[in-house]
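Good morning, and thank you for coming.

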Amino acid sequence: NLKFEDPKTDLEGELLENGLRSPRHDDDPQLKRSDVFFNKQNSKITDVISCSKVNSAPFPSCGHIFEAGAYDIKITYSRTELDRWQEFKTRTEKLLQCFTKKQPIQQPN
């Protein structure tokens with residue numbers, strides 16, 4: 001697992017054209033197996049996206065993890081669609097609202 005708490009991981013990262021950031025940490029084995037991106041709002045990480053490296057699979061994909069209300073959501077889409085990550089997140093949040101009438105009660109840990 002990628003550890004964002006690791007002080008050697010640069011959480012400012014490189015800002016990309018699609019609004020995501022890419023952490024700078026060459027020693028992490030997770031970053032060598034896949035490309036990891038994240039989004040921050042008010043210094044809080046709101047989205048983490050891990051994508052198969054280009055040419056590593058016949059159809060590279062991305063797994064996108066984010067919170068929608070009290071839910072932890074993971075969606076998957078083609079690597080070629082990565083620039084549409086915000087649209088996929090927004091549409092998933094709207095779809096989830098159609099299925100739920102009440103917010104779930106978050107159980108204490």
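Let me begin with a question: does C98 count as buried or exposed? C98 counts as exposed, because its relative accessibility is 64%. On the scale used here, buried means under 20% relative accessible area, exposed over 50%, and partly exposed in between, with a 1.4 Å probe and protein chains only.

A word on conventions. The model is predicted, so local features need pLDDT of at least 70 and side-chain atom pairs count only at pLDDT 80 or more, while totals for chains, interfaces and linings use all residues. Residues are numbered from 1 along each chain as its sequence is written, and side-chain values use heavy atoms, leaving out hydrogens and water.

I turn to the disulfide. A disulfide is a covalent bond between the sulfur atoms of two cysteines; the criterion is a pair of cysteine sulfur atoms within 2.5 Å. By this rule there is one disulfide. Its partners are C51 and C62, with sulfur atoms 2.0 Å apart. C51 belongs to strand β4 (residues 44–52) and C62 to strand β5 (residues 61–68), so that the pair links distant parts of the chain, eleven residues apart. Helices (H or I, at least four residues) and strands (E, at least two) are DSSP runs, numbered from the N terminus. The torsion about the S-S bond of C51 and C62 is about 105°, and the disulfide is therefore right-handed. Both C51 and C62 are buried.

Next, the strands themselves. Two strands pair if DSSP finds at least two bridges between them. β4 and β5 run antiparallel and are joined by five bridges; D47 stands opposite F66 in β5. How many bridges join β5 to β6? There are eight, and these strands also run antiparallel. Here H64 stands opposite I75 in β6. The hairpin of β5 and β6 has two residues between the strands, and G69 takes a positive phi near 65° in it.

Finally, the aromatic rings. Rings of Phe, Tyr and Trp (its six-membered ring) pair if their centres lie within 6.5 Å; planes under 30 degrees apart count as stacked, over 60 as edge-to-face and the rest as tilted. The count comes to one aromatic pair. The ring centres of Y77 and F88 are 4.8 Å apart and the planes stand at 45°, so the pair is tilted. Because Y77 lies in strand β6 (residues 71–78) and F88 in helix α2 (residues 85–99), the pair ties together parts that are eleven residues apart in sequence. Y77 is buried at 9% relative accessible area, and F88 is buried at 18%.
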